[in-house]
Amino acid sequence: MKEQLETIRQEALNEIDKATDLKALQDIKVAYLGKKGSLTSVLRGMGSLPKEERPAVGEMANSVREAITNEITKKTDALEKAALEEKLEQEAIDVTLPGRPVQVGGPHLLTSIIEEIEDLFIGMGFEVREGPEVETDYFNFEALNLPKGHPARDMQDTFYLTNELLLRTHTSPVQARTMQQYGGARSVKMICPGKVYRRDTDDATHSHQFTQIEGLFVDKHVRMSDLKGILDKFAKSMFGSDRKIRLRPSFFPFTEPSVEMDISCKVCQGDGCSVCKQSGWIEILGAGMVHPNVLEMAGYDSKTYSGFAFGMGPDRIAMLKYGIDDIRNFYTNDKRFLGQYHHVKGGTL
């Protein structure tokens with residue numbers, strides 16, 4: 001039996017030495033040390049040996065098992081190391097090669113325009129306020145002098161969620177909320193940018209979702225001339241110092257008097273062309289003096305306080321400023337379009 005054990009040792013060690021991959025080593029391990037392996041088969045016959053020979057044979061069997069196990073472990077480590085070195089050689093990175101450029105995005109054009117407008121008005125002492133996009137009927141309409149059944153509500157085709165909840169149609173509710181928060185006890189000087197929603201049919205100049213920025217200034221002795229000065233500074237900052245503005249009478253339920261503001265056409269310099277429909281002017285926003293009813297509902301004494309409000313669409317501002325002819329380009333996520341304006345900053349490309 002000792003001769004059998006020695007033969008198993010030599011055969012196993014020879015096969016281990018010749019093995020070229022991990023699978024071959026596993027097969028050798030099973031063939032010699034497994035439940036049906038050569039060494040196990042020999043050990044099963046130890047019962048037929050005289051008692052005095054069993055210890056010596058058992059010791060030799062353990063020595064053979066240990067020798068085979070150790071060699072398999074060594075060979076496994078050697079094969080794994082060789083495989084790793086080969087893989088590293090194949091996947092070597094040449095650190096001297098120039099780096100691959102990483103495509104970097106940029107802010108959306110509307111984001112850039114909104115930030116530019118915010119910076120302008122912050123510089124004039126306005127604060128930026130935000131409010132909920134799901135609004136109550138009261139703050140969206142009633143607090144702005146639009147009671148239930150008022151015909152002017154038809155100007156804003158609305159997404160209603162319930163009888164009293166809706167998707168806001170403008171950002172003016174933020175103005176009403178801010179004035180009520182202050183309770184008529186202090187002045188208000190704010191702008192409120194954000195998304196608004198109306199049941200418009202999407203086309204080149206309309207969208208069911210768009211952005212607005214509305215402004216409000218309420219204090220003692222605020223005049224229409226203050227409004228004109230602010231809007232003139234805004235127009236010249238956004239479109240160039242050569243732009244002129246004009247205010248035309250209009251109607252909004254929450255302001256009285258109300259005006260529409262036009263800027264002189266940059267294409268024809270006011271002479272008339274197809275862009276301005278031969279008028280020399282392009283409409284850009286609505287404004288007016290805050291209606292006394294709106295002030296009173298917010299807790300302000302309309303005989304002591306006065307104010308002005310204005311509202312504009314950053315979508316329209318961007319379209320006019322950069323000659324964009326379809327509002328849908330802002331919302332269809334076409335990288336070919338959006339990528340043209342990643343570097344817009346401070347009004348330049």
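For contacts, I counted heavy atoms within 4.5 Å. This is a predicted model, so I kept local features to pLDDT of at least 70 and side-chain atom pairs to pLDDT 80 or more, while totals for chains, interfaces and linings use all residues. Residues are numbered from 1 along each chain as its sequence is written, and side-chain values use heavy atoms, with hydrogens and water left out.

Entry 1: I found E256 in strand 7, residues 255–264 (strands are DSSP E runs of at least two residues, helices H or I runs of at least four, numbered from the N terminus). Setting aside neighbours within four places in sequence, I saw E256 touch M289 and H291.

**Entry 2: the core.** I next looked up the largest nonpolar core, which has 47 residues (a core joins buried Ala, Val, Leu, Ile, Met, Phe, Trp, Tyr and Cys through side-chain atoms within 4.5 Å). L109, F121, F234, F310 and F330 touch the most other members. Elements giving two or more residues to this core include helix 5 (109–122), helix 8 (224–239) and strand 7. There is also a second, separate core of 25 residues, with L146, A152, A176 and V290 among them.

**Entry 3: F310.** Not counting residues up to four places away in sequence, F310 touches residues including F121, I213, L227 and A287.

Notes
Buried < 20%, exposed > 50% of the residue type's maximum accessible area, 1.4 Å probe, protein only.
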